[in-house]
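Student: Can we walk through this one together? I'd like the folds and the side-chain contacts.

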Amino acid sequence: MFDLIPFGKRREDAFGQLVKSFNDMFDEDWFTPFKGWGLSFKTDIRETDQAYLVEAELPGFQKDDIEINYAAPYLTIKAIRKEESKVENTDQQIVRRERHFGEYVRRFYVQDIDDSNITATLKDGVLKLEVPKQANSGARRIQIRDDRDM
């Protein structure tokens, strides 16, 4: 926001450089080292009459890297990306690494599902889950009696 300069005032002055340096400092992701555990991923959830449909973006993951668990009432999707420690050229030092490694975890609160029939597919970096709902457990409406009936 501070980088916007009105038309005709594009000269580089000391204050402009100071503001630019200040903005550049906050553009850095300083918390990246602390995010190693519990990184997240984007997920869409839709509901039909019979099931919940979950789509999670997990590009670059293989099916062996993904773990799906249901421990009532939480459905957990965990993908683990391992860092490769292979170094081919020791003359080049990494100045900045923007690829994250670690556990990517999402946990969803779902009740009344048929956990034995959950299905999952992984195609083109998108994990799709179909989480069937449990048959109606016989919920019924309770009638309220009038005081005269007592």
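Tutor: We'll start with the overall layout, then go to the sheet, the rings and the charges. This is a predicted model: local features need pLDDT of at least 70, side-chain atom pairs count only at pLDDT 80 or more, and totals for chains, interfaces and linings use all residues. Residues are numbered from 1 along each chain as its sequence is written, and side-chain values use heavy atoms, with hydrogens and water left out.

Student: Okay. How many helices and strands does the protein have?

Tutor: The count is 1 helix and 7 strands. Helices (H or I, at least four residues) and strands (E, at least two) are DSSP runs, numbered from the N terminus. Along the sequence the pattern reads α-β-β-β-β-β-β-β.

Student: What share of the residues is buried?

Tutor: Of the 150 residues, 17% count as buried. Buried means under 20% relative accessible area, exposed over 50%, and partly exposed in between (1.4 Å probe, protein chains only).

Student: And what share of the contacts comes from residues 24 or more positions apart?

Tutor: They account for 54% of the contacts with a separation of 6 or more. Contact means heavy atoms within 4.5 Å.

Student: On to the sheet. What's the strand order in the open sheet of 4 strands?

Tutor: It runs β1-β2-β7-β6, with antiparallel pairing. Two strands pair if DSSP finds at least two bridges between them. The edge strands are β1 and β6 (119-123), and each pairs on one side only. The twist averages 15° from one strand to the next. For that angle, axes are lines fitted to C-alpha atoms, for helices over the stretch in contact, and angles run from 0 to 180 degrees between N-to-C directions.

Student: How many bridges join β2 and β7?

Tutor: β2 and β7 pair over 7 bridges, in the antiparallel sense. Glutamate 57 stands opposite valine 126 in β7.

Student: And β6 with β7, how many bridges there?

Tutor: That antiparallel pairing has 5 bridges. Alanine 120 has leucine 129 of β7 as its bridge partner. Threonine 121 stands opposite lysine 128, also in β7.

Student: Which residue in that hairpin takes a positive phi?

Tutor: Aspartate 124, with phi near 55°. The hairpin of β6 and β7 has 2 residues between the strands.

Student: Switching topic. How many aromatic pairs are there?

Tutor: The search of the whole structure finds 2. Phenylalanine 61 and tyrosine 104 make an edge-to-face pair, 5.6 Å centre to centre with 75° between the planes. Rings of Phe, Tyr and Trp (its six-membered ring) pair if their centres lie within 6.5 Å; planes under 30 degrees apart count as stacked, over 60 as edge-to-face and the rest as tilted.

Student: Where do those two residues sit?

Tutor: Phenylalanine 61 is in the loop between β2 (51-57) and β3 (66-71), and tyrosine 104 is in strand β5 (residues 102-109). The two are 43 residues apart, so this pair links distant parts of the chain.Student: Buried or exposed?

Tutor: Phenylalanine 61 is buried, at 8% relative accessible area. Tyrosine 104 is buried as well, at 11%.

Student: And why is the pair of tyrosine 74 and tyrosine 109 edge-to-face?

Tutor: Because the ring planes stand at 70°, with the centres 5.6 Å apart. Tyrosine 74 lies in strand β4 (residues 74-81) and tyrosine 109 in β5, so the pair ties together parts 35 residues apart in sequence. Tyrosine 74 is partly exposed, at 34%.

Student: What sits over the ring of phenylalanine 61?

Tutor: The charged end of arginine 81, 4.2 Å from the ring centre. A charge sits over a ring if NZ of Lys or CZ of Arg is within 6 Å of the ring centre and within 35 degrees of the ring normal. Arginine 107 lies over the face of tyrosine 74, at 4.8 Å from the ring centre.

Student: Last topic. How many salt bridges?

Tutor: The whole-structure search finds 2. A salt bridge is a side-chain nitrogen of Lys or Arg within 4 Å of a carboxyl oxygen of Asp or Glu. Arginine 46 bridges to glutamate 55, with the closest N and O atoms 3.4 Å apart. Arginine 46 is partly exposed at 47%, and glutamate 55 is partly exposed at 26%.

Student: Which side chain meets glutamate 47 in a salt bridge?

Tutor: Lysine 133, at 2.4 Å from N to O. Glutamate 47 is in strand β1 (residues 43-47) and lysine 133 in the segment after β7 (126-132), 86 residues apart. Glutamate 47 counts as exposed, at 53%, whereas lysine 133 is partly exposed, at 23%.
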